[in-house]
Amino acid sequence: MRTKLFLMGLTLMGLVAMTSCGSDNDDPTPTPAPTPTPTPTSDDGIDDAEFDAIINQYVDAVVLPTYNDLKEKNTALYNAVLAFGDNPSNDGFKAICDAWLEAREPWESSEAFLFGPVADYGLDPNMDSWPLDQEAIVKLLESQQWNEMNWTGDYDEDDEAIAAAQNVRGFHTLEFLAFRDGQARTLNDTANDDEAANAVYNSDNATAWAQYMKNTALLLVNDVTTLCDAWNGGYADEFKKHNGGDFTSGLSCIEQLIDGCVDIAGEVGGSKIGDPYDLYQSGKTTEALYAVESWYSWHSRDDYTNNIYSIRNAYYGSRDGSINDNSLSKLVAKYNAELDADVKAAIDAAAKAIQAIPQPFRNNINSKEAAEAMEACAELGDILENELKPFLANSTK
């Protein structure tokens, strides 16, 4: 069983184990008893101010650097697209694909904190809508009515016009235009049929294809710039000060941190892996394939693993897998070492289970490894939601 919090006080062990040295000295050598894990009591709980260092570390060492990295790598992606437009080539397609893969890492590693500006401004669906509306993308490629990629006004997730614009832009639209069967497209690809999913670059659509990639990459840069500017322009300070609005205490910020982790654990297991798995199990194999995120690039497993790493980064207070002294992990370990160990083990288990799915996921949707990865993600979400979050709420003064 995991260590439980006893608010009535600590019971300290008073026994000292005694052993014999096995030498000519008959005096026993005392071995000190292990130091019990401290747990907060009603008089000695976690002070809300203890959360401040964790919140500052989370914002300054995880959130902001991730978004700044995202902006830098999307700018590089845009430049690769521009270079292709100036001089189309197979190497140019490869350069776009390489830059796309680089840009995906910080985005997927940010999905444990999809709150604030990224949600308020509709930036997540702007940048990462899936499954793709392939037919709409091909129609736009043919019509070249690029204004259909834009929307204005306040974001409303139920607005069908906004959703239609979001479905023909973002990472996965550019993925569709740059990748084919897990590889970079070439200038002389051929199609086996006229299905939208199998559209290919050719001399007839070359100019429109390059323009579509350019517009999509530019919108990604614009969205990331909006995101970075919003956090650096005041939202980071608002979150760290937590003296009004959505955040009125350190605990409220920590709970938002955990909620973001719970959400992405559930999305990876229940939607990103679970939706295709369920469709496949019901006999809808084509629909299952199209429900797989990043199936054009065969990058699904790494996307999902980076989602789990976004949880790790939020909990560890770092982006490199190290545990920072001003991290939620260190605080939990201070009062409940077993719970901290369980959270870390669940994060590690989920990442390993995803990587154990045979590559590519699109060809192994109904594998036992996929089912095991879903279970590992569910277990991670459960410990975060039903053990970590209540522990902190009940332990705070």
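A disulfide is a pair of cysteine sulfur atoms within 2.5 Å, and by that criterion the structure holds zero disulfides. What is shown is a predicted model, in which local features need pLDDT of at least 70 and side-chain atom pairs count only at pLDDT 80 or more, while totals for chains, interfaces and linings use all residues. Residues are numbered from 1 along each chain as its sequence is written, and side-chain values use heavy atoms, with hydrogens and water left out.

Across the protein chain, buried residues make up 49% of the 397 residues.

The protein chain has 14 helices and four strands, these being DSSP runs numbered from the N terminus (helices H or I, at least four residues; strands E, at least two). Of its contacts (heavy atoms within 4.5 Å) with a separation of 6 or more, 75% are accounted for by residues 24 or more positions apart.

Helix α13, residues 337-355, has 19 residues and reaches 27 Å from its first C-alpha to its last, close to the 27 Å expected at 1.5 Å a residue, the expected span being 1.5 Å times one less than the number of residues. Its buried residues include L339, V343, A346, I347, A350 and I354, and the buried residues of α13 pack against α9 (250-281), α11 (300-316), α12 (328-335) and α14 (368-395).

Note on methods. Buried < 20%, exposed > 50% of the residue type's maximum accessible area, 1.4 Å probe, protein only.
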